[in-house]
Amino acid sequence: MLVREVMSSPVVTVGRTTSIRQAVRVLYERDVTAAPVLDDAGRLVGVVSELDLLRGEFQPDPRATTRPVPGGQGPPPALVWQVMTHAVVTVSETADVTAAIDLMVGKQVKSLPVLAGHSVVGMVSRRDLMRMLARPDEELRAEVAAALREHYPHGPFWEVAVHDGVAELRPAAEPRPSPVPGPAGAVLASGPGDVLAEHVADVLARTVPGVVRVRHLR
């Protein structure tokens with residue numbers, strides 16, 4: 001599965017001179033936890049998260065303690081560039097999702113800007129990946145079968161089943177005229193049984209977001 005198949009797009013961005021309060025409203029209203037920060041030329045210069053934006057926005061409430069509350073330490077940050085992360089970790093839209101996961105784990109970040117060349121085209125987060133894994137097997141099976149039928153409309157055929165995100169393809173001699181799919185059950189999809197066609201079927205199945213592996217049965 002490629003990053004572009006799971007990323008959130010179009011991407012929600014903010015400018016480096018956007019006010020903190022305006023950035024808070026953007027993230028809250030668009031229901032995102034982080035956003036790429038762009039300069040006036042549209043270049044990626046940082047990432048700002050919910051936690052970044054909360055920094056310095058609240059003062060201690062004197063009602064919460066019997067101790068004296070320390071006085072203010074100057075005005076809080078006002079613009080995004082003052083709180084954003086400058087050392088940005090990015091991923092290419094054509095990268096495998098496993099590379100994105102490795103970056104998230106290694107760099108301890110929850111989301112990554114996605115680049116096509118030098119342009120920001122999306123954002124991939126742990127939530128995006130979880131959403132793919134949560135897709136029902138029957139939904140995945142139907143999409144895999146449809147992709148195979150579209151590519152090979154005249155047969156021969158494969159039986160398609162999906163279990164826990166793993167697509168299983170078994171060569172079949174002829175289609176069933178009226179398949180009755182059940183939950184994660186088999187349905188026939190067109191496709192020849194030679195090595196090249198098997199490879200193409202493997203690639204097609206992997207293009208379905210949520211399919212994590214493909215098995216070829218005999």
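**How do we know? Talking through a predicted model**

Mentor: Let's start with Glu5: apart from neighbours within four places in sequence, Glu5 touches Met132, Arg206, Thr207 and Pro209. Keep in mind that this is a predicted model.

Trainee: What makes those residues contacts of Glu5?

Mentor: A contact requires heavy atoms within 4.5 Å. Met132, Arg206, Thr207 and Pro209 meet that test with Glu5. As for its place in the chain, Glu5 sits in the segment before E1.

Trainee: How far apart are the C-alpha atoms of Glu5 and Glu93?

Mentor: They are separated by 8.4 Å, although the two residues lie 88 residues apart along the chain. For the chain as a whole, take the contacts with a separation of 6 or more: 61% of them join residues 24 or more positions apart.

Trainee: Met132 was among the contacts of Glu5. Which residues of H4 are buried?

Mentor: In helix H4 (residues 126–133), the buried ones are Asp128, Leu129 and Met132. These residues span an arc of only 95° around the axis, so they lie on the same side of H4. The face turned away from that side carries the exposed residues Arg127, Met130 and Leu133.

Trainee: What do the buried residues of H4 pack against?

Mentor: Their partners are helix H3 (97–107) and strand E6 (119–125).

Trainee: What makes a group of residues a nonpolar core?

Mentor: Its members must be buried residues of the nonpolar kinds, such as Val, Leu or Trp, joined through side-chain atoms within 4.5 Å. The largest such set here has 17 residues, and Val144, Leu148, Trp158, Val160, Leu169, Val211 and Val214 have the most contacts inside it. At least two residues each come from helix H5 (137–151), strand E7 (157–163), strand E8 (166–172) and helix H6 (195–206). A second, separate core has 14 residues, including Val3, Val114, Val124 and Met132.

Trainee: What does Val144 touch, leaving aside its neighbours within four places in sequence?

Mentor: Val144 is in contact with Val160, Leu169, Ala205, Val208 and Val211. Val144 is also one of the buried residues of H5, together with Asp137, Leu140, Arg141, Ala145, Ala147 and Leu148. Their arc around the axis is only 160°, which means they share the same side of H5.

Trainee: How do you know that the span of H5 agrees with its 15 residues?

Mentor: The expected span is 1.5 Å times one less than the number of residues. For H5 that gives 21 Å, and its end C-alpha atoms are 21 Å apart, so the two agree.

Trainee: What makes E7 and E8 a pair?

Mentor: Pairing takes at least two bridges. E7 and E8 have seven, and they run antiparallel. Val162, for instance, stands opposite Ala167 in E8. Two residues lie between the strands of this hairpin, and Asp164 in the turn has a positive phi of about 55°.

Trainee: Why is the sheet of E1, E2 and E3 called mixed?

Mentor: Paired strands can run either parallel or antiparallel. This open sheet has the order E1-E2-E3. E1 and E2 are parallel over two bridges, with Val14 opposite Val37 in E2. E2 (residues 34–38) and E3 are antiparallel, joined by five bridges, and Leu38 has Leu44 as its bridge partner in E3. With both senses present, the pairing is mixed.

Trainee: Which strands are at the edges?

Mentor: Strand E1 (14–15) and strand E3 (44–49), since each pairs on one side only. As for E2, five of its five residues are buried. The E2–E3 hairpin has five residues between the strands, and Gly42 there takes a positive phi near 80°.

Definitions and conventions
Residues numbered from 1 in each chain as written. Predicted model: local features only at pLDDT ≥ 70, side-chain atom pairs only at ≥ 80, totals over all residues. Heavy atoms only, no water. Helix = DSSP H or I, 4+ residues; strand = E, 2+ residues; numbered from the N terminus. Buried < 20%, exposed > 50% of the residue type's maximum accessible area, 1.4 Å probe, protein only. Arc of directions from axis to C-beta.
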